[in-house]
Amino acid sequence: MHTLKDLPDISGKRVILRCDLNVPLDGSKITDDGRIVASVPTIQALVSKGAKVIIVSHLGRPDGAVVAKYSLEPVAKRLGELLNVDVAFATDTVGESAASSVANLNAGQVLVLENLRFNPGETAKSDDERLAFAKSLAEFGDLVVSDGFGVVHRKQASVYDLEHLLPSFAGLLIERELHVLQGLTTNPERPYSVVLGGSKVSDKLGVIDHLLPRVDSILIGGGMVFTFLAALGYKVGASLLEIDQIDTCKGYLAKAEELGVKVVLPTDIVVAAKFSADAAFAVTAADAIESSPFGASGLGLDIGPVSAKAFAEVISASKTVFWNGPMGVFEFENFANGTRVVAEALSQVDGLSVVGGGDSAAAVRALGFPDEHFSHISTGGGASLEFLEGKAMPGLEVLQ
Ligand code: 3PG
Ligand code: MG
């Protein structure tokens, strides 16, 4: 893979930099700027080499239409604050604003183009449509630096097709992400534990399948745990449940037993009357969820305190831990304990501790944990999972 070390002289050259600046927003307020912060080292490296830096990114899923709430303008503003320079912003991606902004760019200056996904070509299924859009992007650059690790699992115009059109190099973030994630797949120090949460089992099937033969323990919480509890024959009230995945979960439990891998499931659950921050709640045994005061309409919103402690013990005793997916609805204080206890234990691991991106990264920051307390907080949610699944990733393959 070509990296920044292989760059030719880029002084005065136009460098298109693909970042993943897809950050969570509350209106125009950025609630976690982790991905912007993680993009800074590559931007600074290019600026210091005198390049004209043209940053492209997606935000959200506007599906090829201009949707004001997905504008990258607040992101460009935040980037300017972090870089402590004026960052120019073009109000379109390949239109007049972009063209004139690129033409006016001086060496060492930074420009952000509007959301790539406002253009149907970015995410088009049709190879021709994507290529046509990539060609119009390519006109703005002499070369491409690809650094949007969070999106390398997508075969999209700016991630894949553009890199076929111009000389392409991986940025510092992609290098760092790969270095850390390779530490999880090549001779990880043992015990090796993986903590999985989040709402859907179906999002995690590939990774469970792939990791089962490779780890010592898998700890499961979050909304996905109820499908596992159902696989044990427990009633789960109105908790999240993927009925069509119960048999798959049974299969995983059987396979884990055969392989001698410990699957740690919660033994107690925080059950709520409804899905809201101020809902009444009670702690029940995991096999008696419907015996809470809310009966069959109770829904599990967090792992219970006994389970959180048990999870923390397994994590603390591990030398390598990967965590993806919150243990409960951490956005609501009453249901944040499981996630907080797991994050705390992870922050104290004496070894490699990796937080998979997306919700888990947002969770550790929302709960006030400094980034430095973990070996690495990935900027890729889906991307880090697919990496661990051993899947081919279009945005990385094209850089080989
Ligand atoms: C993400 O947040 O998962 C990445 O930015 C990729 O976005 P996507 O899942 O909408 O393709
Ligand atoms: Mg995603």
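**Figure 1. Cysteines in the predicted model.** The disulfide count is 0, a disulfide being a pair of cysteine sulfur atoms within 2.5 Å. C19 is buried, at a relative accessible area of 1%. C249 is buried too, at 0%. Buried means under 20% relative accessible area, exposed over 50%, and partly exposed in between (1.4 Å probe, protein chains only). This is a predicted model, in which local features need pLDDT of at least 70, side-chain atom pairs count only at pLDDT 80 or more, and totals for chains, interfaces and linings use all residues. Residues are numbered from 1 along each chain as its sequence is written, and side-chain values use heavy atoms, without hydrogens and water.

**Figure 2. An open sheet of 6 strands.** The order is β5-β6-β4-β1-β7-β8, with parallel pairing. β5 (87-89) and β8 (168-170) are the edge strands, each pairing on one side only. Neighbouring strands are turned by 25° against each other on average, direction ignored. Axes are lines fitted to C-alpha atoms, and angles run from 0 to 180 degrees between N-to-C directions. Strands (E, at least two residues) and helices (H or I, at least four) are DSSP runs, numbered from the N terminus. Two strands pair if DSSP finds at least two bridges between them.

Figure 3. β5 runs parallel to β6 (residues 110-112), joined by 3 bridges. F89 stands opposite V112 in β6.

Figure 4. β15 (residues 320-324) and β16 (residues 352-355) run parallel, with 4 bridges. V321 has S353 in β16 as its bridge partner. From β15 the chain passes through helix α12 (residues 337-347) to β16, a right-handed β-α-β crossover. Right-handed means that, with the strands pointing away from the viewer, the path from the first strand over the helix to the second runs clockwise. β16 also pairs with β17 (residues 376-377), in the parallel sense, over 2 bridges. There, V354 has H376 in β17 as its bridge partner.

Methods. Chains are lettered from A and ligands numbered from 1 in the order in which they are written.
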